[in-house]
Every structure is written in C-alpha cells, then in structure tokens.
2 protein chains.
Amino acid sequence: MSYARFQTEIARINDIICAINLLAWDSRTMMPPGGVDARGHQVATLTALARDMATGDSLRRAMDGAREELAQAPKGDIRLRALAQAEAEIGILSRIPARIIEDMAGLKTRAHSAWVAARAANDFAGFAPLLDRMMAMQREVSAAIGGGAHPYDPMVGQFEPGMTLAELRGLYDRLKTALVPLIQRATAAPQPRVDFLTQDFAIAQQKAFGLKIAQRMGYDLQRGRLDDTVHPFEISFTRDDVRITSRFREAWAPGGIFALWHEAGHGMYEQGVDPVHTRTIFTTDLVNLYGVAGASFGMHESQSRMWENRVGRSQRFWELHFGEFRDHFPDQLRGVEATDVWRAVNRVNPGFIRVEADELTYDMHIILRSEIEAALMAGDLAVADLPAAWAEKMRDYLGLEVPNDTLGVLQDVHWSHGYVGSFPTYTLGNIMSSQLFARAQQVPGIVAGLQAGDYGPLHGWLTENVYRHGRSSSPQETLQRVTSGGLDPAPYIADLTAKVLALTA
Amino acid sequence: MSYARFQTEIARINDIICAINLLAWDSRTMMPPGGVDARGHQVATLTALARDMATGDSLRRAMDGAREELAQAPKGDIRLRALAQAEAEIGILSRIPARIIEDMAGLKTRAHSAWVAARAANDFAGFAPLLDRMMAMQREVSAAIGGGAHPYDPMVGQFEPGMTLAELRGLYDRLKTALVPLIQRATAAPQPRVDFLTQDFAIAQQKAFGLKIAQRMGYDLQRGRLDDTVHPFEISFTRDDVRITSRFREAWAPGGIFALWHEAGHGMYEQGVDPVHTRTIFTTDLVNLYGVAGASFGMHESQSRMWENRVGRSQRFWELHFGEFRDHFPDQLRGVEATDVWRAVNRVNPGFIRVEADELTYDMHIILRSEIEAALMAGDLAVADLPAAWAEKMRDYLGLEVPNDTLGVLQDVHWSHGYVGSFPTYTLGNIMSSQLFARAQQVPGIVAGLQAGDYGPLHGWLTENVYRHGRSSSPQETLQRVTSGGLDPAPYIADLTAKVLALTA
C-alpha cells in the first residue's frame, strides 16, 4: 500500500518532469522568439512543483511506510533499490535551497536566449553577465550539496555519481600521455582528401540517408522524431517519445549525419529501457529534475559514442554503406570510394569546435573545459577572463589561435543551460564506449553482424545488458556486470591507437 | 498582500495551464504516434494539479483575504472583477468531481488518437466506444454543474457563459428563415467557375502567400508560428507565444489559406490582449483549465470569422490582393481575374465538410451538430444511432446523401477533444462578427483602410475595443460597450443577403 503510494507519487513527478522536458525541447526547436519570458515562468513553476513533491511530506511518509512494509523483503529486492535511489537523490535535491532551483529555472531560459544571440553576434559581453550569475549560483549549489574535496566534485557528481576532480585528473593524464603522440603521428602523415565532402549536400538527402541508417541501428521513429537545432541534443518524455535533433550544413555532410547517429545512440538507450520502469524512479533523475532512463550522463554518452564512433566511423561501416550514401549524392561522390569516406570522416585535424572535433582531439576539448570549469568553481578564474584562458589552453593543447568567441567560449550550449560539471562525462563516455564495445565483440554473433551491416545483435546485446536496466543499475555496477571491472581507459586508447595505425599504414 | 498572493497563485496556475496547452499543441502537431499513452498521463497529472490549486485552500484563503483588503475599493475596481471572475469559475470547476476531470484528461488523448485512426480508416465503430464514454462523462459533468433547464445548457455555458438551448433555438429559427431562401437563390443562379482553383498549388507557396497577408492583417510571427494539422486550430501560451495551424491541400488552394486567416484571427485576439493581463485570471479559463485571452468561445470565433469572411471573402480584398496571389501562382492563374477568385471563394455549394463549407451553408452544419449534441446529452439519441441521425439531418438541411462517416460524423475533432457544447459558439461568432464589423465600419478611417488594403485601422480598433480586454469583459459587456445592444443576428443576415445579391446580380 505504501510502496504503491510511493510509485504513484514518483509517477506524477515523472509526468511533471516530462512536461518540463517538453517545454525545454520546444523552446529549443519550435518556440517563437517572443515566447522566451513566459516559458521561463512556466519552467520555473513546474520545476518548483516537482521539487516540492519530491522533497515533500507526502512522498516522505509513503517512503517511510514502504520501508516498513518491505522489512522482510530480500536484500536484492528491486523495490528496496528504488527506495534507496529515491532517498539518495532526494537527499541531494533537499540540500539545494528551493530559491536557487527556482531562480535557476528562470535563468536557464534567459541565459539560453542570451547565448543564442551572443553566439550569432560573436558578443561574449552580451552573455557574460548571465554566465556570471549562473556560475555564482553553481558555487552556491556546490556548497549546499557539499561533501567534495574540491568545489567541482559535487557538480560532477550530479551527472556522474561518485566521480571527482582528482579521479578525472588521473584519467586525463593517462589520456594526454597516450593521445599526444597519436595526434602527432596522425597529423604528420599524408592527409586524406576531404574536398568531396565540402560540396553542396542537400539537407533533405542528408536526413534521409542518416535516418535510414539510424533506423537500421535500432532508433524507432514510431517513438521518435528528428528536428534541427543550433546544438544537437536528445530528450525523452518516457521511452515512447524520444526525440533527437541535429545540425545540418550543406557544405559539410558528415557534421549533421554523425551528430544524428550520435543522438540516435542516446535515443536508443532511452527507447530501450524496460517498459516496467516507465514513470518510476528508474527513469526519473530527481537530482536534475530530468526525465531520463540512462544510468548516468557518462553511461549515456558511451552509447552515443559507440554508435557514432565505434560503429559509424569504422572501416567496415563505410564499405557496407558507401553505396547507399552515393545513391543519395551521385554527383558529389562521383569517383569517390568507400575508403575515401572512411579516411575523410576520421581525419585528424585539430580545430576550434568541440562537436566537430575528430576522435583523437575531442578529449582535449573536454580536458580544457573541465579545467576551466574547475577553476571557475574554485574562484581561480573570473568570467571576464574566460576568453583569454580559453585561448591559452587552445594554444597549449591543440596549437590553435582562437579567432573569436563564437569559435571559442561561446560554442557550447551547456553553461547557458545550467550544466556545469557535465563535460567530463563526454570523455567518461568515450572510455566506457570502448570498454563495452570490447566486451560486445567477444559475444557470438555481434562481430558477424557488424561485418554484415546487421546491427540487431549489437543493439540486442546493449538492450539486454545496458538499456533495459535504465537507472536501476549504476554505471559502476553496469561496468562490473558487463566487463568484470571498473573504469579503465585502456580499451579506448587501444581503439584509437589501432585506428591511427590503420589510417597511417 | 492577500491580493498579491491571489495574483501569484493564479500566475502559477496559468503557467501549468499553458504547459497543458503546449502538451496539447505538441500532441496534435509534433508527437510521434508511440507517445500517446504517456502524454495522456502527463496531461492528466498537470490537469489535476491545476484543478487542485484552483479549488484549494491556499487560493481560497488568499481570495478571502483579498476581499477584506479591498473592502473600501470602488465598485468598478478591476481587482474586484478579477476576484468575482475567479470565484464564479472556481464555483463551476468545484462542482465537477476531480475524478471526472482526471479521467477526462486521459480520455481526451486516447479519444483523439482513436478519432484520427477512425477518420483515416472510415471506421466509426473504432471511435464509437470512446465517444460513448466521452458522452457518458459529459452527462455527468452536466448534472454536476447543474442549473440548466436542459442538460445541454451547462455544456454550452462552459464555452459561452449564460447561453441556453432555448435561446439558441430562437436564433437558429431566425437564421433558418433567412438562410434557406438565400441558399436557394444562390444555388439556382449560374455557378461561378472554380476549375482554376483545383489545380496543383504548391503548399509552400500557399503558406507564403497566406502568411504574408496574415502578417499584414496583424498576426505577429515573432510571437507565433504556423504548422500543419488534420484539423486547424489556434492555441496560446501567453500573448507572446500564439500558434496557429492549417490544413493545406495542393488540389484546393482556398481551403488552407482561408483556414490560415481564420486561425490568424483567433491568434490576433490572443496576441492583442494587454500585457498587464498576462498570467492573470483575465487570460486564464479556470472552467476549461485552458490558457486563453478571449472573452468566450463565441467572441473568439467572431474574430476568426471577421478576418476570414468579412475581410478575406470581400470583393475589395481580392481586387487588392489578386495580383500578389497570381505572383505566387502565375501558371495556375493565367487568364483569371480578381472577380473570378472572389466569386469562386464565395461559391454557395452545399457540401459534407463543415470546415470547407461556404458562409451560407455553414450555419446549417452547426444547427445539425447542436441538435445532435442536445439529443445525445438528453439521452434521446444513442452513439450507435449517430451516423443515421447525421445522414437524416444532412438530407433535411442541405439535401445531401452522406457517403461515409469520414465525410460525416467523423469529420470534427471536437468530441474527441471533450468539447461538447462548443459548436453553437461558431454560429454565435458569425452573428457577433457582423455586429462588430457593422460598428467598425462607422468608425472614421476603417473603411478607407479596408479599401486601401491597410488593415491597421481595423486591427487597432479591434485591439482597443475587444482584444486588449482579454477576459476582463464578458461577451455581453463587450457587445453592449461596442454596439450599445445585445446579441442580434440582423447584421449577419444583412451581410449574407448583400453578398448573395452581389454574387447573383
């Protein structure tokens, strides 16, 4: 009875949170410019309601009663797990003052609009006051959550439970050590031709090709849709409505298509959760008041990266699908071969834009952002000094001079959206994608499927081992169950090394 | 202090209701088919929350306190008006059991999907069980609200406060008496050519032309957008985000374009409300838990009809805009003249589809539906007998044999959406559109503007006299203020008579 009441309360919170997700999706895809202020109010009100319900007496009493009710339940009972998970998330949520959460909801909407305008006008000063306010609020959040050795730790922990700046620094050091010589080897080698990908690629055809492959990977359009946005993203309102966006450019076909497969990877995770978890705590992130089935942001990213990079950038993938790609663009791809596309989409080319970075340099963009975020959180760096700090690190890590803020500090949506501490999850996702993919390749049928362009076996294995569990397994538990170990960058470094060797052979 | 608390509570309720509006808009424009069940839960939960807040103790206490606070306020104080309006709407809402409202929210979403499928498959039996449940629920609602001489009265009163079946019958009798001979005269006269409008009209060009004119009328795309749906509608999430949809067909250009202007008329009403009313009771319909600025459904319809018919179907309008129309479709309109378009879009042609009906026969569709709804509410007609009843009335009123249910009882979205009693407001809108337009034409500058294609004077006058007030004036008060009288079909009958005389001259 009490457990059922707990479930009902969580289901209602999930409904509100999914409505907030829709308000967010709409504001980034459909909303006319005039709607921004009203939308801020709407998000703030629903966020406050969800928070009040999550931290309120009614849910508290239901949980206390449910724990008594389940006093005799075996230790592994999923209901105990549900209660413990709700307890932990509500604990973090309760420590953040309601005032901050309400202010944040309104600030996010305004900051996002300011960011869109600033980015278009290359006007960092137009965004800086809002970013400054956002960072001040984030420092308050960090102090309120507490428990970290560094003010950055509680921020990262919201997205990747248990992760710390100290552990990140260790992982980053191993990656830098391995990646720097690989980047050098790749950039010193003869460069592949990319000219044929910079022609006029009709966006409708890019979408048609990209979506056809995404559906074959396993993304279900009966429960999804694709739209255009400045910054690609995936968002769900239960497993039965999981939407993706991409950013297509006529003059550079791979950008939009690979972003589509990236977001479809996120989407398959959400669509693959067991229906039994719908509207439960296992598809509800109470810390972020976000409707999501993924175990953590890092685990989520492991799936986007797997489909985008481990699958989509493999040599075999282009041997299989080049013909279809050429059918969509016969004029542009005249005289081009599968291997040319494979080489081109794996070209190592240090650049300014994270979302367009190649696999080898991508993590350098993350390391840069992580270090800047940590410094902002610690108060070691002022928002006004951000463009200079960005420029310096781009010089140090990738040898590039940043020409303007649109290509620098204004390129990412995250800070405007109140996400500080989420960037490291991209690199954690890269690491985990290789760990899971290495294990998958030992499973009978998966390699044969990938060789034949049949993605069913991989998708099925991921559904069984990752997707269906939703948030009922932590990332650590998932890694342990699947790989019999913890976080380990070795398979990722091995994948990148093998790729560079193949490309430069 | 208490009044401010009242305002804050209403603002939060408005935020939730606007989020419900967005969930509804999305489910009819963007949502993938799989999302329907989850969407039903989301709408039901938010609807229950809005209702709980509207009927709850916190708002009640704020209102009681506010009334004391304003004991010395002058009688016409807008704050007293706000409190009285909230009181009246909460009264109706409170009388409807929460259980019905929650069930209704879920049922609406399912019924809408069943209707879409049934309509596409011409399968009334697939929709009938849901419609039967909807009607049973509506009878419960009627009994709960109470106060009517006929069970249909409380239903109509939800949309048009104070309106009754008895009054409607009186208006309908006057209309039938006037319209039947007009329809006979028009159909007996030589028919205009319409062949040139049934060619291949590219939908993108229809939209471009339609939107250009709608913007000139006064619809603001910075605070709006246009999408495609099966059944055109307008919906707002505050005055700053007012969206319209239309249904375009390549083979019949006027359908989509006039529906666009119709919905733009609704949209201008919402966009024109004074910003001071944003997130107040004067833009919040607590009876229908619907975010809307219009004084009533009938007054709202008066604005869509005015821009669609009084303006868009006038002879002068096509003299002014035919050139632009032809610029968008030079091949299709070769050898056609302005007067041909004017005659074609006013062709009197009894047909099956209400939304495509000409002005002369339109009200017959409404009278048919009103009578069927009243009979269903009184229990005089069973859902299973509906197609037969529909066929009989189409025969009696328009002399037509209904070939199938898609062209008959399945054509309208309303019942699937839980709107029973709203159809009469379309005819009330027609009547009021002519009353208001007759008055407008006496105002200096408006006729000159219409003659010159400058819609600013009419739009400005409507904004000043109707739009800006939102729900702070009732339809009766608005009519009294503007026309110094009450509901009167004479100007509408005069407009239609003049039109038929001009067309058959």
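Colleague: How many residues of strand β3 (residues 242–246) of chain A are buried?

Modeller: In this predicted model, both faces of β3(A) are covered, with A:Val242, A:Ile244 and A:Ser246 buried on one side and A:Arg243 and A:Thr245 buried on the other. The strand is therefore counted as mostly covered, since a residue is buried if 20 or more other C-beta atoms lie within 10 Å of its own, and the number of buried residues in β3(A) is five of five.

Colleague: Which residue of β3(A) is the bridge partner of A:Asp227?

Modeller: β1(A) pairs with β3(A) in the parallel sense, over five bridges. Within β3(A), the residue that partners A:Asp227 is A:Thr245.

Colleague: Which residue in the turn between β2(A) and β3(A) has a positive phi?

Modeller: Strand β2 (residues 234–236) of chain A runs antiparallel to β3(A) and is joined to it by three bridges, and A:Glu234 has A:Ile244 as its bridge partner in β3(A). The two strands form a hairpin with five residues between them, and the turn residue with a positive phi, of about 80°, is A:Thr238.

Colleague: Which element gives the largest share of the side of chain A that touches chain B?

Modeller: In the contact between the chains, 31 residues of chain A meet 31 residues of chain B. The elements of chain A that give two or more residues to this side are α1 (2–29), α2 (36–54) and β1 (224–228). By class, this side has 14 nonpolar, eight polar and nine charged residues, and its largest share, eight residues, comes from α1(A).

Key: Residues are numbered from 1 along each chain as its sequence is written. Chains are lettered from A and ligands numbered from 1 in the order in which they are written. This is a predicted model: local features need pLDDT of at least 70, side-chain atom pairs count only at pLDDT 80 or more; totals for chains, interfaces and linings use all residues. Two residues are in contact if their C-beta atoms, placed from the backbone, lie within 7 Å. Helices (H or I, at least four residues) and strands (E, at least two) are DSSP runs, numbered from the N terminus. Ala, Val, Leu, Ile, Met, Phe, Trp, Tyr, Cys and Pro count as nonpolar, Asp, Glu, Lys and Arg as charged, and the others, Gly among them, as polar. A residue is buried if 20 or more other C-beta atoms lie within 10 Å of its own, exposed if 12 or fewer, and partly exposed in between; C-beta atoms are placed from the backbone. Two strands pair if DSSP finds at least two bridges between them.
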